[in-house]
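Work through these exercises with the model open in a viewer. Try each task before reading its solution.

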Amino acid sequence: MKIIFMGTPDYAVPSLQKLVASHHEIVAVVTQPDRLRNRNKLSFSPVKEEALKHNLKVLQYEKISKEGVEDLKSLNADVIVTVAYGQILSNEILNLTPYGVINSHASLLPKYRGSSPIQWAVINGEKTTGITIMKTALSVDSGDMILQKKVDILPNETSGELFDRLSLISGDVLLEGLDLVESNKATFTPQDHTKATHYPMLKKEDGRLDFNKNCEELKHFVLGMSPWPSAFTFINDVQFKIHEIENIILENEVLENYSNGEIVFADAKNGLVVKVNDGFIRLNVIQPQNSKKMSSFDYLRGHKIEKQVIK
């Protein structure tokens, strides 16, 4: 099939690579516009960088539904494929090609619709997630499903690690789905919209730890926020990113004697130990503002933290 591929971040690159290596023909790659990033240098999206390696035609629009329709029509593609593109497509674009728009989404729909399904699945302590290949509809992530692949979330797996695994799996499942579409063997199964869950895009401020939560909730929260936006808290008005925590048992300490968020220990022997809703956690790997990540034991060998309630 002649394919228009739409994608932007690292996650979409393996899917593009799989399509390039397949029997399909990519007639154009559509990605988000170049942006000024580090030190105001113009930066290409990872998908654009990959497309240029293969000498593929690259198209970029601030608002594709207003600017790109005629360009896309002129390509005479059979299907549009989207993988984390990052823009809402108009009804005109959805119906522009004979096979419409086929999307690869990183969850087992209808659960985890929205822009951050991988992170939210880890944050919520899910044991499994997966890939859904679907035909895109106007409402976000609501289209009929073609194929699903279930994937276990590993113990202590961060969202970044799961992101990398799913991105590789996504390419294979996408090709399988496209083969079904091309051979007219695809079954388009409507989603059960009553079971849909929606989760928003994460922001930096969403990473702030809430010590009123339980130990397991906080463990999954830290894993889900890694590597971005990172879980964090403030101690003495200094921001500390928290990269790893563990639930610990303190046999000689009475839980009710401490407030949630209160520092129980802060020394090189015990590390940085904090009371939470249902027990005690140790902040094992921390990163003080403008510094590198380190164990709390190492940090406390050279720095003093007074006992206090942190929020």
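Predicted model: local features only at pLDDT ≥ 70, side-chain atom pairs only at ≥ 80, totals over all residues.

**Exercise 1. Cis bonds and a positive phi**

Task: Locate the cis peptide bond that joins Ser226 and Pro227, and the one that joins Trp228 and Pro229. Then place Tyr112, whose phi is positive.

Solution. 
- Step 1. The bond joining Ser226 to Pro227 is cis, with omega about 10 degrees.
- Step 2. Move to Trp228. A cis peptide bond joins this residue to Pro229, and omega is about 5 degrees.
- Step 3. Pro227 sits in the loop between helix H8 (215-224) and strand E12 (231-235). Pro229 is also in the loop between H8 and E12.
- Step 4. Turn to Tyr112. Phi of this residue is near 60 degrees, a positive value in a residue other than glycine. Tyr112 lies in the loop between E7 and strand E8 (113-114).

**Exercise 2. The largest pocket**

Task: Describe the largest pocket by volume, by lining and by the element that gives the most residues to the lining.

Solution. 
- Step 1. Take the volume. About 1500 Å³ of space lies in the largest pocket.
- Step 2. Find the centre. The lining has 46 residues, and Ala84, Tyr85, Gly86, Ser115 and Met201 lie nearest the centre.
- Step 3. Trace the elements. At least two lining residues come from each of strand E6 (79-83), strand E7 (101-105), helix H6 (117-123) and helix H7 (159-182). E7 gives the most, with 4 residues.
- Step 4. Sort by class. The lining has 24 nonpolar, 18 polar and 4 charged residues.

**Exercise 3. How H1 packs**

Task: Work out how helix H1 (residues 13-21) is set against H7, and how H1 is set against helix H2 (residues 46-53).

Solution. 
- Step 1. Recall the two values needed. Two packed helices are described by the angle between their axes and the distance between the axes.
- Step 2. Apply this to H1 and H7. Their axes come within 7 Å and cross at roughly 40 degrees. H1 is therefore oblique to H7. The crossing is right-handed.
- Step 3. Identify the contact. H1 brings Pro14, Ser15, Lys18 and Leu19. H7 brings Ser167, Leu168, Ser170, Gly171, Asp172, Leu174, Leu175 and Leu178. By class, this contact has 6 nonpolar, 4 polar and 2 charged residues.
- Step 4. Angles under 35 degrees count as roughly parallel, so H1 and H2 are roughly parallel to each other. H1 passes H2 in a right-handed crossing.
- Step 5. Identify this contact too. Val13, Leu16 and Gln17 of H1 meet Pro46, Val47, Glu50 and Ala51 of H2. The contact of H1 with H2 has 5 nonpolar residues, 1 polar and 1 charged.

Conventions:
Residues numbered from 1 in each chain as written. Heavy atoms only, no water. 1 Å grid on protein atoms, 1.4 Å probe; cavity = no way out; pocket = protein on both sides within 12 Å on 5 of 7 lines; lining within 4 Å. Points joined across faces, edges and corners; volume = space filled by probe spheres on them. Nonpolar A, V, L, I, M, F, W, Y, C, P; charged D, E, K, R; others polar. Axes fitted to C-alpha atoms, helices over the stretch in contact; angles between N-to-C directions. Parallel < 35°, antiparallel > 145°, perpendicular 65-115°, else oblique. Left-handed = near helix turned anticlockwise from the far one by under 90°. Contact = heavy atoms within 4.5 Å.
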